[in-house]
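Thanks for coming. I'd like to take you through one model this morning. Please have a look at it on the screen.

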Amino acid sequence: MTRWLALALLFPPLALAAPVQVQGVRLWAAPDNTRIVFDIDGPAEHSVFALRDPDRLVVDLASAQLAADIPDTSASPLLRAIRHAPRSDSGLRVVFDLSGPVRPKSFLLRPNERYGHRLVIDLYDATASAAQPRVRSARPAVEQGPREVLVAIDAGHGGEDPGALGRRGTREKDVVLQIARRLERLVKAEYGMKPLLVRDGDYFVGLQDRYEKARSPHQADLFISIHADAFDDHRARGSSVYVLSDKGASTAAAAFLAEQENASDRIGGVSLEDKDDLLRTVLLDLSQSATIEDSLEVAGDVHSALRRVGRMHARSVQQAGFVVLKSPDVPSILVETGFITNPAEERNLRDPAHQSRVAQAIMDGVRAYFRRKPPPGTLLASTQHIIRKGDTLSGIARRYSVPLQRLREANGLDTDRLSVGAVLRIPNQVLTLAN
């Protein structure tokens, strides 16, 4: 009997194991949600429930202790304060004082290459309108008039997912957001186009949510995801342009990069509660052939424009299985703006002047594509004229109220001879004044 008592003292039951330590608490505020991340040193049982009058959300962690500071809540419009206290059963209670009712979602994440165990609490404004369905509705057959082309610009990574890191500490998520904002300003200044920033701050957006934001309800005409490359050899350099592959990666390097970028959800943390949506997305992938063809075309224009800015890592557009490019009905490209792990290119990526040159090159490629293939019903489509039998340059000028010489200049013509089937560009500024 004495022997068994000694063993029991040496090996206490699991119930007496050390409590889980909450080693860090981080907060990320996005436009439509707030994410709180608890970094914990092991798996933890937890429960979440809401209280009203006033609105609060309570998170109980079993057998846990707080060993970290609580973050400032001023960045989140949903939170007023965060309080905590130990429970009598050796657990930890965290109370979120809310500015109004929320829809909470909580899930545990296992360790990955960058983080240990995590408990994630996502808060959504319960008073906001219900989320749009994830099936893109067709554009109305009749509109008030020609519309602007919508370009969705996606800055990769964000929030707790910094992306690739440079030797000087440069974070991919920061430089690509700066380039995305510069591209946004260029698109906004372009006649007949308007931009949509998928991420306009330092917060995490899941890969599927990125292209879904472009699809519904916005119905974008083009999706551009901006990234910075990385490799374990610091000599690797150059920009690249990628589109989705419906078969396999065009090179081993493309496959490696896609695997790294697709790990974003694992690093940033995504709940798997919407598996049905993921399955539907896979089924929609079967209808992507035409979209991939358009993606290859615009990617070729952007690739050609980027060659004027600096070295290209590959001679042509590459293809790989990037999750973020899997929109079945929106042409989508991914631009790797350089290797952040290359010291010279890291300096460039930090340089505002170089960022502007990269953004301008992407804009030049986008402009070339939409001038050649403007979507029907857009302002860009309304400023082009396809030559038909019997057309004359002077007659076209009268039709669009454009001075004949201005029409010649806009199309680089040194003669009034026309070819049937050719496309004439109608000068935008003159059209704007005439209308």
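Start with F96 and what surrounds it. Leaving aside neighbours within four places in sequence, F96 is in contact with I36, F38, D55, R56, L57, V59, L79, A81 and I82. Contact means heavy atoms within 4.5 Å. F96 sits in strand β7, residues 92–98. Strands are DSSP runs of E, at least two residues; helices are runs of H or I, at least four; both are numbered from the N terminus. I82 lies 14 residues from F96 along the chain, and their C-alpha atoms are separated by 4.7 Å. Is F96 buried or exposed? Buried, with a relative accessible area of 0%. The cut-offs are under 20% for buried, over 50% for exposed and partly exposed in between, with a 1.4 Å probe and protein chains only.

A word on the source. This is a predicted model: local features need pLDDT of at least 70, side-chain atom pairs count only at pLDDT 80 or more, and totals for chains, interfaces and linings use all residues. Residues are numbered from 1 along each chain as its sequence is written, and side-chain values use heavy atoms, with hydrogens and water left out.

Now the whole chain. It has 13 helices and 17 strands. Of its 435 residues, 47% are buried. Take contacts between residues at least 6 apart in sequence: 73% of them join residues at least 24 apart.

Next, a sheet. Six strands form an open sheet with mixed pairing, in the order β11-β10-β12-β15-β13-β14. Two strands pair if DSSP finds at least two bridges between them. The edges are β11 and β14 (318–320), each pairing on one side only. On average, neighbouring strands here are turned by 30 degrees against each other, direction ignored. Helix α9 packs on this sheet and touches β10, β11, β12 (222–229) and β15 (332–339). The direction of α9 makes about 150 degrees with that of β12.

Four of its five residues are buried, so β11 is largely enclosed by the rest of the structure. Its partner is β10, residues 149–155; the two run parallel over five bridges. L150 stands opposite K194 in β11. Between β10 and β11 the chain goes through helix α2, residues 172–189, and this β-α-β crossover is right-handed. Right-handed here means that, with the strands pointing away from the viewer, the path from the first strand over the helix to the second runs clockwise.

Last, helix packing. How do α2 and α9 (residues 352–372) cross? Their axes come within 9 Å and cross at roughly 50 degrees. Axes are lines fitted to C-alpha atoms, for helices over the stretch in contact, and angles run from 0 to 180 degrees between N-to-C directions. So α2 is oblique to α9. The contact includes I179, L183 and L186 of α2, and V358, A359 and I362 of α9.

Helix α8, residues 343–350, also meets α9: the axes come within 5 Å and cross at roughly 85 degrees. That makes α8 roughly perpendicular to α9. Under 35 degrees counts as roughly parallel, over 145 as roughly antiparallel, 65 to 115 as roughly perpendicular, and the rest as oblique. N348, L349 and R350 of α8 meet P352, H354 and Q355 of α9.
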